[in-house]
Amino acid sequence: MSDAAPPRWSRRTLAAQAMGCIDPVTKAIVPPIHVATTYIRDEDNAYRSGFVYGRPDNATVREAEEVLAMLEGGPAALLFGSGMAAATAVFQALDPGDHVVASKVMYWALRNWLTGEATRWGLSVSLAETDDLDALRRAIEPGRTKLVWIETPSNPLWTVTDIAAAAEIAHAAGARLAVDSTTASPIHTQPLSLGADIVMHAATKVLNGHSDVVAGALVTASEDDVWARITAIRRQQGAILGPFEAYLLLRGMRTLPLRVAAQSASALALAGRLDGHPAVAAALYPGLPRHPGHAVAARQMRDGFGYMLSIRVAGGEQTAIATAARVGLWKRATSLGGVESLIEHRASIEGPGSPCPPDLLRLSVGIEDPDDLYADLDAALRAAAR
Ligand SMILES: Cc1ncc(COP(=O)(O)O)c(C=O)c1O
């Protein structure tokens with residue numbers, strides 16, 4: 001027996017084995033899916049298993065939460081029935097009258113919820129271009145601002161907010177920083193290590209990676225009073241992820257590091273080829289040196305710049321729509337992060353009032369051969385431009 005300390009396995013190794021989840025009864029290397037909604041109480045009236053009922057907690061959900069907490073480097077994670085359920089739980093943990101600053105360029109449905117529903121509940125919401133730190137500072141209302149919410153890189157322009165600087169600004173004002181890190185993924189960025197208090201993921205996207213689960217996740221930097229409130233909100237509102245979805249997510253996360261590496265490498269290659277394409281007015285991707293957020297992205301993202309990019313089509317809105325109509329390999333669909341590549345005319349879904357330019361096509365890059373993806377898009381761009 002060696003006295004050496006046990007090895008500290010890498011995140012990739014731990015993810016591949018789902019943290020070594022072995023079923024204690026059968027020794028199966030794939031853990032069972034726990035579907036029970038209720039649990040036997042001990043004869044002395046205790047609940048020693050730690051499980052009482054299916055709405056607060058579930059063993060399969062816990063297994064997936066442990067893997068995600070490990071990937072993000074936080075002490076605890078919570079899984080929800082969707083990304084929106086996870087995000088809105090953070091805002092619902094605030095008090096009426098509290099002020100929130102959120103990125104102007106962000107996932108449109110959450111922006112709509114914030115400016116609509118959340119204000120009806122008594123939250124005061126300011127939208128700011130958080131990639132501009134002075135704009136973020138100006139938006140803060142000292143004493144009233146309790147939460148700064150950023151998305152980076154943010155939908156669908158892939159603007160980049162400096163997480164460490166935003167954390168400093170938020171904390172100096174007595175507010176917390178929450179980061180929607182869906183498009184960075186824990187492989188490229190670990191916001192908690194940069195000072196964020198909460199990380200949110202639409203686990204529907206690259207965490208699961210196979211376009212067959214709707215799920216959301218939060219990971220905390222500390223198990224404090226706000227985390228306790230968020231946990232109570234999930235329990236009381238019944239917003240927990242279902243066990244089948246948790247199992248699929250657990251399976252998806254085993255290959256997350258490999259998928260993200262391949263998808264981000266392809267996105268970088270595609271962005272480089274599309275930037276300068278005669279039918280493309282601009283390629284928006286934080287990995288391109290002339291992207292305004294490149295320097296910050298290079299600092300806070302490692303091993304790649306993500307699997308999402310956008311192009312602005314030179315011929316304008318109708319040519320953009322015509323391009324999306326002509327692809328064969330890319331799938332014309334909303335969402336992102338799956339193994340299959342998706343293309344979307346984004347303004348059509350975001351509607352009026354969105355900062356999304358009408359000539360923009362959003363591309364979610366999958367694991368297909370990047371040369372095939374380029375050839376298909378190049379042909380569609382050229383045909384639509386004719
Ligand atoms: C960046 C981002 N955040 C949050 C969400 C919401 O996630 P869900 O659709 O799982 O509710 C999405 C969905 O597209 C997203 O892209």
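**Domain interface**

I looked up the area buried between domain 1 and domain 2 first: about 3,000 Å², with 59% of that from carbon and sulfur atoms. Buried area here is the accessible area (1.4 Å probe) that two parts lose on being put together, summed over both. Trp-108, Trp-158 and His-188 supply 24% of what domain 1 buries against domain 2, more than any other three residues.

I note that this is a predicted model: local features need pLDDT of at least 70, side-chain atom pairs count only at pLDDT 80 or more, and totals for chains, interfaces and linings use all residues. Residues are numbered from 1 along each chain as its sequence is written, and side-chain values use heavy atoms, with hydrogens and water left out.

I checked the bounds next. The assignment gives domain 1 as 11-254 and domain 2 as 257-385; such bounds come from an automatic or database domain assignment. The C-alpha centres of the two domains lie 26 Å apart. Domain 1 and domain 2 each put 39 residues into the contact (heavy atoms within 4.5 Å).

I searched for salt bridges (a side-chain nitrogen of Lys or Arg within 4 Å of a carboxyl oxygen of Asp or Glu). The rule finds 2 across the interface of domain 1 and domain 2. I also looked at the pair Arg-299 and Asp-162: they form a salt bridge, and their closest N and O atoms are 2.7 Å apart.

I then took polar contacts: pairs of N or O atoms within 3.5 Å; within protein, one must be able to donate a hydrogen and the other to accept it, and residues adjacent in sequence count only if both atoms are side-chain atoms. The interface has 20 residue pairs of this kind, both residues at pLDDT 80 or more.

On the domain 1 side, α1 (11-16), α4 (108-120), α7 (185-188) and α9 (243-254) each give two or more residues. Helices (H or I, at least four residues) and strands (E, at least two) are DSSP runs, numbered from the N terminus.

**Ligand site**

A backbone N or O atom of Met-84 sits 2.8 Å from a ligand oxygen. Asp-180 brings a polar side-chain atom to 2.7 Å from a ligand nitrogen. The side chain of Thr-204 has an N or O atom 2.6 Å from a ligand oxygen.

Most residues other than glycine have a negative phi, and most peptide bonds are trans. I went looking for exceptions. Thr-152 and Pro-153 are joined by a cis peptide bond, omega about -15°. Asn-155 and Pro-156 are too, with omega about -15°. Pro-153 is in the loop between β4 (145-151) and α6 (163-172); Pro-156 lies in the loop between β4 and α6. Ala-18 is not a glycine, yet has a positive phi of about 45°. I place Ala-18 in the loop between α1 and α2 (59-72).
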